[in-house]
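Here's a protein model to explore together. Have a look at it first, then we'll walk through some of its details.

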Amino acid sequence: MFSEQFFRFDNLANFVGIFVVIFSLLIILYSLGFMRKSKGLIGYYLYIILTLLASLGAVFSNNLILFMVFWGILGLLLYLLIGFGQKERTPATAKKTFIIIGAADALMILGLALLWQLSGTLQMDKISIALNEKLAVWAYLCLAVGAFAKAGAMPVHTWIPDTAEDAPAPVSAYLPASLDKLLGIYFLTRLSLEMFVMNRAMNTFLMALGSFTIVAAVMMALIQHDLKRLLGYHAVSQVGYMVLGIGTANPVGIAGGLFHMLNNAIYKSCLFMSGGAVEKKTGSSDLDQLGGLAKVMPVSFGAFLLASLAISGVPPFNGFVSKWMVYQGVIETAKSGGNLWIIWLVAALFGSALTLASFMKLVHAVFLGQPSQQSTENRVQRTEAAPSMLIPQVVLAGLCVVFGVFAYRLPLAKFILPSIGQGVAFAGIWNPNLAAALILVGIIIGILIYLLGTITASRETEIFVGGELVREHPQMRLSGTGFYDTIQQLGLLKAAYALAKRKVFDLYDVCSKITFGFVRILRYLHNGVLPTYLSWCLLGMGILFYILLR
Amino acid sequence: MMLSEQIIPLFVVIPLAGAFLISLLGKKVKLLPDMLGVLAGLILCILSILSVRLYNASGALTYSVGAWRSPIGIEMVLDGLSVFMLVTVNLVAFCIALYAVNYMEKFTAKWKFYTLFLLMLAGMNGVVITGDMFNLFVFLEIAAVASYALVAFGTERQELEAAFKYAVMGTVGSSFILLGIVMLYSYTSTLNMADMNSVLLQKGAGSLILFVSVLFLMGFGLKAALVPFHAWLPDAHPSAPAPISAMLSGVLIKALGVYALARIFYNVLGVSEQLSSILLFLGTLSMVVGGILALGQWDFKRLLAYSSISQVGYIILGLGLGTPLGILGALFHLFNHSVFKSLLFLNSGAVEYATDTRDLRKMGGLSQKMPLTSTTNFLASMSIAGIPPFSGFWSKLLIIVAACRAEKFGYAFWAVLVSILTLAMYLKVIKFAFLGSLKDSLTRVKEVPLFMKLSMAMLALICLVGGVLLLPNLYGAFLQKASQILLLGAEYGAIFIKG
């Protein structure tokens, strides 16, 4: 049963498998707090555990059909899990998600069939196809769409922001934020490194897709007004780095992409968990109604802040190391000629800066700033979340730091480098220990100065702006949601945002519009008149006569 | 119990006798129609499963009606394909008979329903086991006429109109089939299928055969609801009472249309390259047109009816490929579709029974009130949409892989595209009917009675585990045997002439 024909336990699969289990355990722990008093909990935990098993099955299977089965079950379970959301729009979101995922899975079946035709085997480690004929390219693209849809790369990403907003927070933290990323990028790695021999055009395509995803998604994230939806757009944006890393096709870049996959899963589920804790306590994820929560939820705030810094690529956290490796990979591609690498690099750096910008807005709007009118009124509920919800956040935030500071000694040496099985040469000087130490020293000095300053001369008073108390003048409150509204007014961007609002870039929406256009045409033809129907029959028969007897 | 070829005629005799008894006594004895209907279904179901064992033990069997020897007398044949169809038809028919016990309470003349139901069953079983061309036509008409009456069973305006359209178009199809049979008879001087096959091999196929092929394509294509001969179906299938819709969409179009088409083209006339490309094209056209139209429907049963057109397209596509894998996929999909489409129609019936509406826009949140209906509907929907690990996934996988293996990449792509449409349409049903918040008008809805639940649960179980039919042991006994018969092609006649 566990023969090599069906299952395989190599370094890459083990690495992904281990983290699948870790994330599942953390999510179950978190759910114990978050989902308390919800309906249908047996089903919920059953689906979570089935998701764990199916993910493990997908990661370890070595036969493509077996892989497809597990992969498809995961889509089904995602649909079922989103259904636990309580929002008005949840059923619609679940449907949209499952249609996108299911469509990608259907294309994967086509890719699988093409692959079988090309290679004559379905055993993944025996397949190695050069992308030199059209059919091979189609097979690769069909299979890659599955990986993209799962991970959420553009243009099949549109389910992620919706799901992030409408599903329960642990589900968002579990599937779109961690497991689906791990699996999607895992499969993309398998495809690009093992099953297909990549050529330059395809690599360039991957890098372009990755860069575009990074920038476009983060631009969308900047203008969001909903905590979870904003995080959802970042979940899309981060996939861009992974795709970019794998697209570089050199060891540093690939290692960086894989490491970023792991890091992203860590900080993104941490962010969703903290966001979920906030939503659970305040009953809202609308940024306008949040604010000033750092005092009442210090642990969640701390975890959220660390994860935000990590996702923004601030040293010494883990996100910095992996982004740094991806950049190195991109620069490395310059050796093989071409000047396109500059574009990818700029996009990646720019995306990173915008990520930081949008998290400044988020941290300000949720935890800092002044509490909004509504949240002040509901002060009764505002306490820190339950311990079972805090522990996973703390663990993940801790991992963000540990995997950043000890990047080379722990995750890279133990998991990432063995997975890709070739030596990685690091360019540039980056000593995380030294940097961490310096930063720590800086923080300590800062605290010292602060303490010295407060001891000598300060008095505590109500918060005020221009001499007036803020509480009495809510219009004076600065919520942070409007931080980047100005960029919406900038020339070209204005048009792009307007189109995005009309869902022109949503592949799902576009396809459904086209399909319903055909529905209208065909419905017009089916007018219910018997003679018309009979004449079709005769016409059809006439055509058949012509074809066969001519 | 000794099994021999003596059981072959029972597949026709039992339902005919049941129909006769019910029409004679059903009016007086209250419980008789229910009991006889279900009992006949059960016995036929058991017999058909026994016939699988029989066929595996002793190979193809023939039964000469009235002891006239073939090729003069009428022959009934039990081979791999007919065994396969018998199991499909009778299994589904049994579940539907069970369901009807509760469902048909709404209507007045239950005994008429069961009479017609069993007549239809007799016709379908007859079509499947007969080895004689003219006999096939007779049984086909028995089943068809019974179904015309059943579509009109509600006798409301819509039902009568649908039945009228169905009857007119069905009759046009039947007359072309009859014309084709007559021409074949005049050419070969025999009506026995195996014999006809041998004669055609000797005489060679002329343009007459091509002419007859077109007639059959149109006639059986109309029964199978291939586009452009499909237009009766979206009216007829939703109008019938739910168990009959399930019967029509689940098995009737397959026994009368797909099975007859496959049997005649593969085993009697022989499939030429040109013909198989026509089948491929018609299959794909039905698949796409049916799929797109289904997506736009708001009437639950009408959506299902269009989806039947689309799924039959898959089966014809697989058959048109003509490769072992394609035929296997087609037959497996035929079986799966019988099960899940019947189940879906039974679900729609359950919803209509509980809420008195078929309009998806008037439903919502029914999963809270009707857990079993919503669960079984979910399983069937996932299965028809080809989501692993349900049965439909495997058959679609086979068809798509077969298309790629045959280097028909374009057709494979269409099959994939329609699979997405299918997923979308069923998610639409689930979203509007079962999810969301409960409508105020539906707060007093109750789950359906026992027999309806039982029958839906049985079919859902088959959807869930249908994939096991591909496991080596079962595969060899059931699906493989059926596809082998079709693959025999021109050698079909030979196995019977010798024996």
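At what angle do helix α4 (residues 90-119) of chain A and α16(B) pack, and how many Å apart are their axes? The angle is about 160 degrees, and the axes are 9 Å apart. Axes here are lines fitted to C-alpha atoms, for helices over the stretch in contact, and angles run from 0 to 180 degrees between N-to-C directions.

Before going on, a word on the ground rules. This is a predicted model, where local features need pLDDT of at least 70, side-chain atom pairs count only at pLDDT 80 or more, and totals for chains, interfaces and linings use all residues. Residues are numbered from 1 along each chain as its sequence is written, while chains are lettered from A and ligands numbered from 1 in the order in which they are written. Helices are DSSP runs (H or I, at least four residues), numbered from the N terminus.

**Where the chains meet**

Back to our pair: α4(A) and α16(B) are roughly antiparallel to each other (angles over 145 degrees count as that, and those that are neither under 35, nor over 145, nor 65 to 115 count as oblique). Among the residues making the contact are Phe98(A), Gly102(A) and Ala106(A) of α4(A), along with Ile420(B) and Leu423(B) of α16(B). By class, this contact has 17 nonpolar, 2 polar and 2 charged residues. (Ala, Val, Leu, Ile, Met, Phe, Trp, Tyr, Cys and Pro count as nonpolar, Asp, Glu, Lys and Arg as charged, and the others, Gly among them, as polar.)

Inside chain B, the axes of helix α7 (residues 193-203) and α10(B) come within 8 Å and cross at roughly 45 degrees. So α7(B) and α10(B) are oblique to each other. Met193(B), Met196(B), Asn197(B) and Leu200(B) in α7(B) meet Asn267(B), Val268(B) and Leu269(B) in α10(B).

**The core**

The largest nonpolar core has 390 residues, and Ala307(A) and Cys400(A) are among those with the most contacts inside it. Such a core is a set of buried Ala, Val, Leu, Ile, Met, Phe, Trp, Tyr and Cys residues joined through C-beta atoms within 7 Å. Leaving out residues up to four places away in sequence, Ala307(A) touches Tyr267(A), Cys270(A), Leu271(A), Ala397(A) and Cys400(A).

| Bond | Geometry | Omega |
|---|---|---|
| Met154(A) to Pro155(A) | cis | near 5 degrees |
| Pro388(B) to Pro389(B) | cis | about 5 degrees |

Pro155(A) sits in the loop between α5 (134-151) and α6 (159-166) of chain A.

Ala249(A) isn't a glycine, yet its phi is positive, near 60 degrees. Is Ala249(A) buried or exposed? Ala249(A) is buried, with 22 other C-beta atoms within 10 Å. (Buried means 20 or more other C-beta atoms within 10 Å of a residue's own, exposed means 12 or fewer, and partly exposed is in between; C-beta atoms are placed from the backbone.) Thr155(B) also has a positive phi, about 50 degrees, without being a glycine, but Thr155(B) is exposed, with 10 other C-beta atoms within 10 Å.

Conventions:
Two residues are in contact if their C-beta atoms, placed from the backbone, lie within 7 Å. Helices (H or I, at least four residues) and strands (E, at least two) are DSSP runs, numbered from the N terminus.
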